[in-house]
Amino acid sequence: MSDQMPDSAPQFLTVGEGEAAREIAMLVRPAQAGNGAPALVWLSGYRSDMSGTKAVELDGLAAELGLACIRLDYSGHGLSGGNFGDGTISRWLEEALAVIRHVAPDRVILVGSSMGGWIALRLAQELARQGGMTLDGPKLAGMVLIAPAPDFTSELIEPNLKAKERKSLAERGYFEERSQYSPEPNIYTRALIEDGRKNRVLDGIIETGCPVHILQGMKDADVPHVHAMKLVEHLPADDVVLTFVRDGDHRLSRPGDIALLLSAVKGIIRSSTNRQMPG
């Protein structure tokens, strides 16, 4: 499913230098004139892209409310350049940060699905760190995380590696596993796993400084719902809502799931508006 809106031609931004340079595709919907609400930023999951159902529905909500919406494909995904096998959390985080800084909205609401939830949490840390240093850059107004998978490499993959997968990682630098969603196997590289350890967020308190709404299916075969509960424990300072979908899977793309997502985003928009009001 892809967005057929007339203004949906992708723009490209070069991220990185020399051999590390890659062209990152982005779809940017500008806000309607005078609309000061935060821009919505879509962060896809592993091997997903900005033309998926949830991404398109989020863009549709932005169109309806006159909000800015920023979507991007990480390198090795969708319309972007670069090799998927070179991808790491640090690399994809760098790309998301570069796109946000390029578009330069005043405030953002990050909407991250699966691995995109991990990228969103790392973005919150980087925006706070860089904003504290320079006092400019976008402010984080809120987050909606769908089946978030922070630290999935060290929490969900490494503890469950089979002997033959460890052997493949050691000898070939990657291993493959069958994908439920694609005829192509999932590929996990040694670089991704090693870099994942450097980007851990579940090793201390995460301070986003904004409201967070987590949507989690209880029949998620990829990210168990206890993982979402663990994440909440690491967000003690924030206003966190955790919504369990009893029969929900990992994708949460059914019409009822989409309605929940859009409702959560609207709730964050409302709270960000209220917090901007004096008094």
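Start by selecting L72: this residue is buried, at 1% relative accessible area (buried means under 20% and exposed over 50%, with partly exposed in between, using a 1.4 Å probe on protein chains only). You're looking at a predicted model, where local features need pLDDT of at least 70, side-chain atom pairs count only at pLDDT 80 or more, and totals for chains, interfaces and linings use all residues. Residues are numbered from 1 along each chain as its sequence is written, and side-chain values use heavy atoms, leaving out hydrogens and water.

L72 sits in strand 4, residues 69-72 (strands are DSSP E runs of at least two residues and helices are H or I runs of at least four, numbered from the N terminus). Now show what touches L72: beyond neighbours within four places in sequence, its contacts include I24, W42, L43, M50 and V99 (contact means heavy atoms within 4.5 Å). Draw a line from L72 to M50: they are 22 residues apart along the chain, yet their C-alpha atoms are separated by 5.9 Å.

Next, pick L123. Apart from neighbours within four places in sequence, L123 contacts L43, L93, A96, L97, I100 and L110. L123, L43 and L110 are among the residues with the most contacts inside the largest nonpolar core, which has 53 residues (a core is a set of buried Ala, Val, Leu, Ile, Met, Phe, Trp, Tyr and Cys residues joined through side-chain atoms within 4.5 Å). Helix 3, residues 115-134, gives this core its largest share, eight residues. For a second, separate core, of 23 residues, select L67, I109, L261 and I269, which are among its members.

Move on to helix 1, residues 53-65. Its 13 residues reach 18 Å from first C-alpha to last, close to the 18 Å expected at 1.5 Å a residue (the expected span is 1.5 Å times one less than the number of residues). Color K54, A55, V56, L58, D59, L61 and A62 to see its buried residues. Just past the helix, G66 has a positive phi of about 75 degrees.

Last stop: the largest pocket. Of the 37 residues lining this pocket, Y46, Y181, N186, D222 and H250 lie nearest its centre (on a 1 Å grid over the protein atoms alone, a pocket is an open set of points where a 1.4 Å probe fits, with protein on both sides within 12 Å along at least five of seven lines; lining residues have an atom within 4 Å of a point). Helix 1, helix 4 (152-157), strand 7 (174-177) and strand 8 (186-189) each give two or more residues to that lining.
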